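I begin with confidence and then turn to charged pairs and helix packing.

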Amino acid sequence: MAEVDIFDSDEEHLPQDLGDDVVQEVLKTGTDLRQYSRQIEKELKEVENKSIQDYIKESENIANLHNQITACDNILEKMESMLMNFQSVLGSISSEIVYLQRKSVAMSQQLSNRQIIRGPLSQFIEDMTVSEALIAGIMDCPVTEKEFLIQLQILNHKINFVKEQSFKEAKSCLDVKDILEKLKVKAMAKIRTYLLEQIYKFRKPMTNYQVPQNNMLKYKFFFEFILANERNVAEEICGEYIDTMSKIYYSYFKSYSSRLMKLQFEEKASKDDLMGVEDTAGKGIFHKTTLKHKGTVFSIDTRGQVLSSQLEEPILIPHTASKTRYHYEALFRSEQYAIADNGCREYLFLIEFFKVRNAQALDIFNQVMGKTLNFMIKNLQSFVEDCYDTIALFLCLHLVMRYQLICHKRAVPALDKYWETLTATIWPRFELVFQLNINSVKDCDPSKFSKETGPHYITRRYAEFSAAIVSVVEGFPCEGTTQLLAELRETVQCFLLRMASIFPNRTQQLVFLINNYDLVLRVLMERTRETSKEAESFRELLNARSSEFVEEVLSPHFGSIIQLVKESEALIDKGQADDLKRQEV
């Protein structure tokens, strides 16, 4: 009854899960559910039977499939086992790789450390080892052979290296110290003998000492080696050189100076050859004061060439110029050029060979050249004491200045004190003689001279002398000389005014002044610049006296016109041209 009630109930009373599309369709069609259930069951049974028949038909295949699956499982199990083993092996390999990597880094560091130490260690062994070639080179080779010099440099390096390592208490130094010491002694003995032989070659007569000096410079490392390893031997060689060269230079320059001075003019200027001393040898417009075989005392003529073309010419050779006579400054030039040339070469040799500098170099140079330089200074002093040749003193003074500059260009300061001493010797005498000439002009008595309107002999002397001094000073200014020239110029101008006063009329006075001013100006213009103070001063005086002379000559005939012109020019200069126009009216 309960079952019928269920199937007979209305559709709306069905549970929600029976609302399926199939169920809905059954309900709509009014199908009998029991019949439908039995049909379904029957169909399922048939399907089941068919499935059983299919299974029976495919039993062999299913059995084969089962066997294959079983075999596959076995294979997969083996593969899993193999993979697990492989994983385990990979783990061990990874550990080995890490180990090998660490070991490689350590080995790489060891290699790097060995490479770093290999170079210094190899160099250390090489520096410490005394080779057979070194021993043979020092013991058997002559000092002049290149092999000896090469091995000597190697020996010097090893000696210094072992000395340095001994301070670090390196045990290996004890193994080579004795043999290096013996090689050093042998090398020093050979070098000492060679250098002393070279020094003794200087002492042979007529020897060109530059040859052994050049030989010594080729092996200057010899002295450097001795200086570094045995100072006593170095001092011995240096002392022997100083003693030898000091005597050679002194002997050479003493002999040379003695023979050279025989070429000087026999007659010298004296106190009677001053500018204001009366010329008694002759008179005339074109007369020049001369002393037999000398050029004029007041004219430079060709004597100035010692400062230009002859400055660095080869020195005079006495026996080849025995028939020629020279002014003192030419001989002085030859002496001082020889001093400058030899002194520069000697100083450069000393600093290069003996490895000295500054004060030490100057000290050795003075020991070598000092005696010779003192001798030359005394010779100059003996000449200067009674010298009245102002031109000679002036040229010698400028020669000293120029040779000092040449030494400076060659980077040789060693002769500075010598040049300063020469300057200090010459300048006071030059200044004194210059002043004596000025005073001689001041002391002249115009009344004792004849009344001639031509150029006076003092004017001619002054013109030649001032042109000579100014031409040199222009190229090489000298303040002291400029002041003396200015004083002399004023003195001569005053003298000419005093001389003009002895003429009775102004016209003759002006003619005298014009002639003398013109002479001075012409000489100055020929030999100096137009802008020199002397030329400008006499040009102004000449122009003024010439204008005055013109007025003096024309005044008797055109005096009123001249006066009018002067007055008119004065008004124009004052800017009073209107007053001039009113006067014209």
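1. For the chain, the mean pLDDT is 83, and 83% of the residues reach 70 or more.

2. A word on the basis of these notes: this is a predicted model, in which local features need pLDDT of at least 70 and side-chain atom pairs count only at pLDDT 80 or more, whereas totals for chains, interfaces and linings use all residues. Residues are numbered from 1 along each chain as its sequence is written, and side-chain values use heavy atoms, with hydrogens and water left out.

3. Side chains of opposite charge can pair when their charged atoms come close. Searching the whole structure gives 14 salt bridges, a salt bridge being a side-chain nitrogen of Lys or Arg within 4 Å of a carboxyl oxygen of Asp or Glu. One of them joins glutamate 352 to lysine 220, with the closest N and O atoms 3.0 Å apart. Because glutamate 352 lies in helix α11 (residues 328-353) and lysine 220 in helix α9 (residues 220-229), the pair ties together parts that are 132 residues apart in sequence; helices here are DSSP runs (H or I, at least four residues), numbered from the N terminus. Glutamate 352 is partly exposed at 32% relative accessible area, and lysine 220 is partly exposed at 29% (buried means under 20% relative accessible area, exposed over 50%, partly exposed in between, with a 1.4 Å probe and protein chains only).

4. Aspartate 389 and arginine 303 form a salt bridge through their side chains, at 2.9 Å from N to O. Aspartate 389 sits in the loop between α12 (358-385) and α13 (390-409), and arginine 303 in the loop between α10 (231-260) and α11, 86 residues apart. Aspartate 389 is buried, at 9% relative accessible area, and arginine 303 is buried, at 6%. Through salt bridges that share partners, Arg303, Glu329 and Asp389 are joined into one network.

5. A further salt bridge brings together the side chains of glutamate 487 and lysine 442, at 3.8 Å from N to O. Glutamate 487 belongs to helix α16 (residues 479-500) and lysine 442 to helix α14 (residues 416-442), 45 residues apart. Glutamate 487 is partly exposed at 27% relative accessibility, and lysine 442 is partly exposed at 42%. Threonine 491 is also placed in helix α16; this residue is buried, at 6% relative accessibility, and, leaving aside neighbours within four places in sequence, threonine 491 is in contact with Ile438, Val441 and Lys442.

6. How do α11 and α14 cross, and within what distance do their axes come? The axes come within 12 Å and cross at roughly 160°, so α11 is roughly antiparallel to α14 (a term for angles over 145 degrees). From α11 the contact is made by Phe332, Gln336, Ile339 and Ala340, and from α14 by Tyr418, Trp419, Leu422 and Ile426. By class, this contact has 7 nonpolar, 1 polar and no charged residues.

Note on methods: Helices (H or I, at least four residues) and strands (E, at least two) are DSSP runs, numbered from the N terminus. pLDDT is the predictor's confidence in each residue, from 0 to 100. Axes are lines fitted to C-alpha atoms, for helices over the stretch in contact, and angles run from 0 to 180 degrees between N-to-C directions. Angles under 35 degrees count as roughly parallel, over 145 as roughly antiparallel, 65 to 115 as roughly perpendicular and the rest as oblique. Contact means heavy atoms within 4.5 Å. Ala, Val, Leu, Ile, Met, Phe, Trp, Tyr, Cys and Pro count as nonpolar, Asp, Glu, Lys and Arg as charged, and the others, Gly among them, as polar.
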